[in-house]
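I opened a structure that was new to me and kept short notes. The entries follow the order in which I looked things up.

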Amino acid sequence: MTPSSSSGLKLGCIADDFTGATDLANNLVRSGMRVVQTIGVPTTPLTADVDAVVVALKSRTVPKAEAIAQSLEALKWLQAQGSEGRVPQIYFKYCSTFDSTPDGNIGPVTEALMNALDTDFTIATPAFPDNGRTVFKGYLFAGNVLLNESGMQNHPLTPMQDANLVRVMQAQTQRKVGLIDYKTVAQGEAAIRERISALRTEGVGVAIVDATSNADLLLLGPALKDMPLITAGSGVAIGLPTNFGLKPSLQASHLPAASGMQAVVSGSCSVATNAQVAHFKATGRPALAIDPASLMKGQSKAVVQQVLAWAVPLLKDGPVLVYSTAEPEAVKQVQAQLGVAEAGALVEHALAAVSRGLVDLGVQQLVVAGGETSGACVQALGIAQLQIGPQIDPGVPWCHSSSAAGGLHIALKSGNFGSDDFFTKAFGALQ
C-alpha cells in the first residue's frame with residue numbers, strides 16, 4: 001500500500017476486541033477491500049490508500065462508560081480520515097455469539113454511535129453462517145443448538161443465558177428493538193427496505209436481522225447501502241464491498257514470506273479452544289499449562305520465566321503451545337478464589353509476557369487464541385497496525401506486523417472459531 005490521500009476511505013469499522021477486528025478485516029479483504037487494521041485508536045492520520053480501516057479496541061468487557069468513550073474516540077478519528085470529514089458508512093463489529101451482559105456493552109455503544117451519527121435506525125445481526133452462527137426468528141444458533149446450549153452459557157466473562165436477540169438487545173438499549181425476519185430477507189433488497197421503513201414508522205430504532213446462509217447476507221447487503229451505521233458480527237461484511245463497486249481480489253491478502261520459529265499461546269476457555277488444545281497435545285507436540293492459581297501473590301514473573309526456559313530447547317523443532325485453557329468447572333474454581341476480573345487479568349498479563357518473551361527468543365509465527373488474550377498480547381508486542389493475509393479458517397486470517405522485530409506473522413483467533421486441528425494446521429497456511 002503506497003502512501004496517499006485517504007479520501008477514498010469507504011468504510012470505517014470499530015471492533016470491540018482484537019480477534020473480532022481481524023475476523024471482520026478478513027471478510028472485507030476476501031470480498032475485495034484493501035484494509036488496514038489498527039490496534040487502538042491511532043494518534044496520527046491515515047497515510048495508506050485503502051478502502052476500509054478497522055480500529056481494534058479492547059472494549060467488550062470493560063465498564064460500559066469506558067466502552068462508549070473508546071468507541072466515540074474511534075469514530076471521531078475515522079471520520080477525520082474521510083473525505084470532507086466523514087466516512088460514508090460506519091460498522092460497529094461485535095462477536096458472532098453476541099457476547100455481552102444485560103448492561104452492555106453492545107446496546108450502549110450502539111446507542112452512543114447512533115447519537116453521534118444523528119441516525120434514528122440501525123440493524124443488528126451477529127450471523128456468520130461460515131462459522132455456524134445463524135439467526136432464525138430472532139434466535140441465535142451456534143451450530144445446531146441455541147446459543148445458551150452451546151457452551152456460551154459458561155463463558156467466564158460474558159455468559160449468554162438467552163438466545164433471543166430481541167430480548168437481549170432490548171435489555172441493553174432504550175430504543176425499541178424489532179425484527180426483520182427470514183421471510184423478508186429472502187425477498188431481497190426492496191422487501192428489506194420496505195420492512196425497515198415500517199419499523200421506523202413504529203418507532204423501532206434497532207432491528208435484529210435473520211440470516212441463515214451467506215445468500216441471506218448477500219441479499220441484505222444492498223439494502224444497507226445508505227445506512228450511516230451498521231452493527232453486526234463479521235458476516236454482514238461479505239455483502240458490503242459490492243455496494244462500492246468492489247470485487248474479490250487475491251492481491252488484497254498477500255503477505256511477506258514467513259520465517260522464524262513457531263508458537264501458540266492460548267487463553268480462551270471456549271469449547272472450541274479446549275478441543276484445539278487437546279488435539280495439539282494428542283499430536284505429541286510440546287504443550288505447557290499455566291495454572292492461574294500459580295500467578296497469585298506476585299509469582300507471575302517467575303512463572304513466565306519458567307515457561308520461557310521450558311520453551312528454549314523445544315522451539316527449534318517446531319511449534320510449542322503455552323495455554324491456560326481449562327474446562328468450565330476449573331475456571332469457576334479459580335474465579336471463586338481470585339474473583340472473575342482478577343483471575344482474567346492475571347492470566348492475560350502472564351500470557352502477554354510469554355508472547356513477548358517468545359518473540360524475543362525468535363518466534364516469528366505466533367497464533368494467539370482468545371479475544372482478551374489477543375488484546376493483551378498485541379499490546380505487549382507493541383503492534384500498532386496489521387496487514388491482513390490469507391484465511392486459515394473462517395474468521396481467522398494470518399496477519400503481518402512490520403513493527404515487530406524482524407517482522408511478525410500473527411493469527412488472532414476468537415475462542416469459538418476454528419476446527420479441532422487449527423493449532424496444527426495454521427502454520428501450513430503460511431508455507
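**Entry 1: ground rules.** I noted that this is a predicted model, in which local features need pLDDT of at least 70, side-chain atom pairs count only at pLDDT 80 or more, and totals for chains, interfaces and linings use all residues. Residues are numbered from 1 along each chain as its sequence is written, and side-chain values use heavy atoms, with hydrogens and water left out.

**Entry 2: confidence.** I looked up pLDDT, the predictor's confidence in each residue, from 0 to 100. Its mean for the protein is 91, and 93% of the residues reach 70 or more. Over residues 1-7 the value is below 50, and this stretch has 15 contacts in the model beyond near neighbours in sequence. A contact means heavy atoms within 4.5 Å. Where pLDDT is low, the predicted coordinates should not be read in detail.

**Entry 3: the whole protein.** I found 13 helices and 18 strands. These are DSSP runs numbered from the N terminus: helices are H or I with at least four residues, strands are E with at least two. The radius of gyration is 21 Å, close to the 22 Å that the globule rule gives for 431 residues, so the protein is as compact as a globular protein of that length. That radius is taken over C-alpha atoms, and the rule is 2.2 Å times the number of residues to the power 0.38. The C-alpha trace spans about 65 × 50 × 35 Å along its principal axes. Of the contacts with a separation of 6 or more, 75% are between residues 24 or more positions apart.

**Entry 4: cover.** I read that 57% of the 431 residues count as buried, which is under 20% relative accessible area with a 1.4 Å probe, protein chains only.

**Entry 5: helix H12.** Is this helix mostly covered or uncovered? H12 covers residues 371-380, and eight of its ten residues are buried, so I wrote "mostly covered". Among the buried ones are Gly371, Glu372 and Cys377. After H12 comes glycine 382, whose phi is positive, near 70°.

**Entry 6: threonine 22.** I located threonine 22 in helix H1, residues 18-30. Threonine 22 is buried, with a relative accessible area of 0%. Which residues does threonine 22 contact, leaving aside neighbours within four places in sequence? I listed Gln37, Leu386, Pro397, Cys399 and Leu412. I also checked arginine 60, which is 38 residues from threonine 22 along the chain; their C-alpha atoms are separated by 15 Å.

How values were computed: Buried means under 20% relative accessible area, exposed over 50%, partly exposed in between (1.4 Å probe, protein chains only).
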